[in-house]
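Hi there,

Here is the structure I promised to pass on to you. Please have it open while you read, as my notes follow below.

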Amino acid sequence: MPETEGGQRRRLLPLLGGNHGGRSAMTCKYRCADACFHPAPNTSDNEYFGDVVNKAMSRRGLLRTGAAAALVVGSGAGGALTAAAAPSSSRGVAGPKPPTPAFPDLPERGRPVGFQAVGDNNVDNIVVPNGYDWSVTVAWGDPILDGAPEFDFDNQTEAAQLQQFGYNCDYVSIVPLDRNFDRALLWVNHEYTNEELMFRGWSGAASATVEQLKIAQAAHGGSVVEIERVGDTGEWRPVTRRRRYNRRIHTGTEFRLVGPAAGSDLLKTRGDRTGTVVKGMLNNCAGGTTPWGTILTAEENFNQYFGATSGITDATTAERYARYGIRTDQGTQRGWEKVDSRFDLATDPNEPNRFGWIVEVDPYDPESTPRKLTALGRFKHEGATIAIAEDGRVVAYMGDDERFDYVYKFVSKNAYRDGNSKRDRDHNLRLLEEGDLYVAKFTGNSPEFPQNPPADGLFDGTGEWLPLVVDGESRVDGFSVEEVLVFTRLAADQVGPTKMDRPEDVEPNPVTGTVYIALTNNSARTPEQRDEANPRAANKFGHVIGLDEDGGDAAALTFTWKIVLIAGDPEDPETYFDGFDKSQVSQISCPDNVAFDPAGRLWISTDGMPGASSVADGLFVMPVEGEDAGHLRRFASVPRGAECCGAFITPDGRTATIAVQHPGEGSGASPDNPISTFPYGDQPRPAVATVWRKSPTGGPFIGD
């Protein structure tokens, strides 16, 4: 392979650190409680995706419809900003709805990639292409509320953390505050905490102080930060005056359960006899942004926060816990039950049922109560991204980030109102409280594989959305509506969806309408399950699927699908880059989140490349149309031990915003032995950074 800018391409190495699916052991410990070391919780007889592809290698051509997409808003979609609006509110920030920003000069659809790819590397910094620059926008511990103290690593307190930017950053979104798009609100998820990197001498929850446990709780959740553009560039910085929108959401924040399952006996606890009020959100990973300007943030690996000080004897309850990976034979590694008994299953057996939801947050109203949306089901949500169907109904796409779990979508009962009034926005704020829930089944078209695999590497098929709840009624035998929504995994097992390889971000392209599914990896895949779509046993490289709803309608119940990327070393003949010449692409592993720029190009952030490929995680871009389709290039690398999260391309096409999550994670890392000093040269601090072109030469757009 030719040498790329920034370093020589490295050959893929065996998976490091045992059975971690490409992640470090520290990442697995704190993010998902070592899920890879336990059997996958899905023990149903439903098909594996590999089984499907074994039947499914027809050559029906590209699936890109080319039709104009309906209004689509997702975690990286430009439409998020053009559709967002601040409400008039008697509870929070008053004022009229700001005008929709206008962007008269945007890159044309299908624009080719124009920068020289960043080479594979493992440096302790963010690396971007020549002609670009980057800066840290906000980092863990930075004061974001008025009166908050400056960060002091060795003198942390719960009170300070509640006013400071939280820990590990994941989903990022930006919504506007003015017509010129010079002021905006930044939303960031704080997924989990690395106590070994936060506190000196940390030796586990058993010996932790109460204050340390409370600091960790306060560092979870999310942040709203008002930001402003730096001059006429694509750089952004926090506003330090009149921070009236800024907000910290954490494990002590009050949330409201809404939708069909709200008030169910399955959601009632000692502390909440109504089954409608929850304290906090846990392990929020990716998300989405709605056309009405709210944030959808997704609770993922919530299971690790719960344990039992005494055994669970009820068989039904134990089965439900097991399907969600909740341990009933021990306390938690987090130790939160020491400061709050609701995390002890023996005390509050229903408390876990109040986590694992999509949460809607109004960033424009700091006094508003975030809502957990029960109509969208409960599982390990990676995110939720929005499209508008032909009839105006809202469609939310979701992935369940677990080995052998499923892809879902929700279709609202009522239609979106594209109006400016408070009445319109109040209507839209209720759209995700009522509707239909489906799970995906992928079906193949050819019995020829693997005896006669396609020479062109084109793998495609058809599929259908299997109903779970429709018109307010359960479509799953033996499950009530409440049971389907609270125990969605168990209900979905009954209807025969396709087992997938850790479906993470599921996001519609706002330009083409194709829905892209990032399948990060699956270390549990056996040799018998190999096929050209999943070519390796113990698959640690992952792939991406493009899904087109029939008729271009997001509410359709059938679809076609095509694999557009099989990740790994381009020199490996089993990899695939949408048919593009592999001698010209960057290597990529473990696709995690996806985003799109105004030209419709696909951006992919990764989680696990240091383990899977021995190079840094980063942000990549791949056109999906025209002669440049499949030309994947590395756009950025993140520091040592870090994962690249939350890629958000602003709708003016001028800024790429990334979340540098868990810098410094790794074996033996500690405050006294840091393996990263990003971003300020001392202790590693998770951070959000913006990347922009330094010169307008050739145009100001990201990716050119």
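In S18, which residue is the bridge partner of Ser 412? It is Gly 435. Please keep in mind that this is a predicted model.

S17 (residues 407-415) is joined by five bridges to S18 (residues 435-443), and the two run antiparallel. S17 also pairs with strand S15 (residues 393-399), again in the antiparallel sense, this time over six bridges. If you want a spot to look at there, Val 395 stands opposite Val 411 of S17.

Next, have a look at the open sheet of six strands. Its order is S9-S8-S13-S12-S11-S10, and the pairing is mixed. Strands S9 (277-279) and S10 (284-289) stand at the edges with a single partner strand each, so one side of each has no neighbour in the sheet. From one strand to the next, the twist averages 35°. Within this sheet, S8 (residues 254-258) and S13 (residues 371-373) run parallel and are joined by three bridges. Val 258 stands opposite Leu 373 in S13.

At the start, a side-chain oxygen of Asp 314 comes to within 3.4 Å of the backbone nitrogen of Thr 316. After the helix comes Gly 325, with a positive phi near 75°.

Finally, some backbone geometry in the loops. Most residues other than glycine have a negative phi, and most peptide bonds are trans.

- Phe 181 has a positive phi, near 55°, and is not a glycine. It sits in the loop between strand S3 (169-176) and strand S4 (183-190). Phe 181 is buried, its relative accessible area being 0%.
- Ser 614, also not a glycine, has a positive phi of about 65°. Its place is the loop between helix H11 (609-613) and strand S29 (618-622). Ser 614 has a relative accessibility of 13%, so it counts as buried, the cut-off being under 20%.
- The peptide bond from Phe 678 to Pro 679 is cis, and its omega is near 5°. Pro 679 lies in the loop between strand S32 (656-661) and strand S33 (687-693).

Happy browsing, and do write back with any questions.

Best wishes

Technical notes. Residues are numbered from 1 along each chain as its sequence is written. This is a predicted model: local features need pLDDT of at least 70, side-chain atom pairs count only at pLDDT 80 or more; totals for chains, interfaces and linings use all residues. Side-chain values use heavy atoms; hydrogens and water are left out. Two strands pair if DSSP finds at least two bridges between them. Helices (H or I, at least four residues) and strands (E, at least two) are DSSP runs, numbered from the N terminus. A polar contact is a pair of N or O atoms within 3.5 Å; within protein, one must be able to donate a hydrogen and the other to accept it, and residues adjacent in sequence count only if both atoms are side-chain atoms. Axes are lines fitted to C-alpha atoms, for helices over the stretch in contact, and angles run from 0 to 180 degrees between N-to-C directions. Buried means under 20% relative accessible area, exposed over 50%, partly exposed in between (1.4 Å probe, protein chains only).
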